[in-house]
Amino acid sequence: MVKRRPRRPVVAIIGGGFTGAAVAANLAKNTTGQAVDIIVFEPRGRLGAGLAYDTSDPAHRINVPAARMSLIPDEPDDFLHWLAAEGEPRDDQDALTEDGNLYPRRAVFGRYVGDFIAPFLRSGQVQHCHERVAQIVRTGEQWRIAADGGTDILADIAIVATTHPAPCAPRHIAKALASHPRFVADSTLSGALSVIRGEDRVLLIGNGLTSADVIASLRRNGHRGPITALSRRGLRSRGHATTAQEPFGDFVTDPSRTARSLLRRIRQAVQEAPTAGHSWHAVFDALRAQGGEIWGALPIPERKRLVRHLRPYWDVHRFRVAPQIDAVIGQGLDHGDVRVLGGSVKEIARAGETITAEVRHRHTGKCEQMTFDACVVTTGPAHTAILRSQGWLADMADAGHLQLDGVGLGLACDEQSRAADRDGKSDDALFIAGPLARGTFGELMGLPQVNDHAIFVAHQVTQRLASQSRSRPAVQIA
């Protein structure tokens, strides 16, 4: 007698950092009891850490208080409960700040994410393929995914959950310093800063969160030399408010349709905040919470204008450094051994191992000759290089399956997070998860928002699987 049963659908998630792990865990929750294969391609040894949390550097801390880092929206204290159960943070007396908030090391949070997905790995609902994707090709209604370790599968749905490419040094700097022994083009690589000596004069190209991490790491490792952090506007990431505050400001009632109008409302809210007992932090907390609706109300040209003119100011107020790191930088600024400049490198050269740079100051236009022993690139992600950052992404773009979004922040997708192809058509079998969907969803860099988006994508994929199951042909078995 011949029996018929539905073929098991396969969902492939490319990237097993925080986003990929969160999508996989939530998709496994949604499909418990159903026959679905969820495969996560991630070359690292464990899921959930990724670039952000796969670090052993004790200077690297989460930038958001632990009380706001739960992976379960309905259980906001889940991370705090996990910390208590694990006896964390251990051997870290600086984790607790004066305001009573915990800022554990990032590696600790990476373990929390790993524990969150662990039950689904043990049950077999989620499979971890410890390989790097080499190629993705459309085969009929499916995706053929080949990895560098020999794995070759057909997936019904593919989810791109990779992160942004590493920072990219300005071309003239990279060319001049390419062979310099203390030119660090990617500070996120393990041990990258070990080439810098204790008394070296260090130039940082960029002044955001990565720059803050580098300064904290260098100082913790005993570096004593002067550090100059150079960025176009000379802005540095701000610290957190000293007291807890509720978000302040309503930006979604009659939302702004232009970047200029939104800026006026933000400035007005910042001016009004002190009378309500708030600081600017509360205004930006409101903007963060309402970010998706604010972004959605802006036409594409206004989103582009916002990114072009205001993103640097948003970044330094929105993405705040942990108090411990802020204190290190503040101390350096007070003592004069850390310098933050607004300007650009007009010329740069090396004489032996000495680096000479001609820096043009932003506000005065005057040039200053400066000398350094080391240079570290700490600029933001190379958004425009996404499609060429990995071979399989380039191939998918060349085949017309992927394109950059119209704002220049990531990959194009619709409001269901389905990838938009070369013609702008949404693909029911290809989803974009996490920061690469930022052009459509706006606020997708802070962990709470990325977690919410991962839950959203898992829900969308669950619905798609249900739709596919009703039309999927059965497999004959004896």
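## Cysteines

A residue is called buried under 20% relative accessible area, exposed over 50%, and partly exposed in between (1.4 Å probe, protein chains only). By that rule Cys413 is buried, because its relative accessibility is 10%. Cys367 has 38%, so it counts as partly exposed.

This is a predicted model: local features need pLDDT of at least 70, side-chain atom pairs count only at pLDDT 80 or more, and totals for chains, interfaces and linings use all residues. Residues are numbered from 1 along each chain as its sequence is written, and side-chain values use heavy atoms, with hydrogens and water left out.

As for disulfides (a pair of cysteine sulfur atoms within 2.5 Å), the structure has zero. For Cys367, the nearest cysteine sulfur belongs to Cys375, 17 Å away.

## The sheet

Helices (H or I, at least four residues) and strands (E, at least two) are DSSP runs, numbered from the N terminus; two strands pair if DSSP finds at least two bridges between them. Six strands make an open, mixed sheet, ordered β4-β3-β2-β8-β17-β16. At its edges sit β4 (126–129) and β16 (418–420), each pairing on one side only.

Strands β2 (residues 10–14) and β8 (residues 157–160) run parallel and share four bridges. Within this pair, Ile14 stands opposite Val160 in β8.

Most residues other than glycine have a negative phi, and most peptide bonds are trans. The bond from Glu88 to Pro89, though, is cis, with omega near 0 degrees. Pro89 lies in the loop between α3 (78–86) and α4 (106–123).

Asp91 sits in the loop between α3 and α4 too, with a positive phi near 50 degrees. At 72% relative accessible area, Asp91 is exposed. Asp254, in the loop between β11 (227–231) and α7 (259–272), also has phi near 50 degrees, and its 66% relative accessibility makes it exposed.
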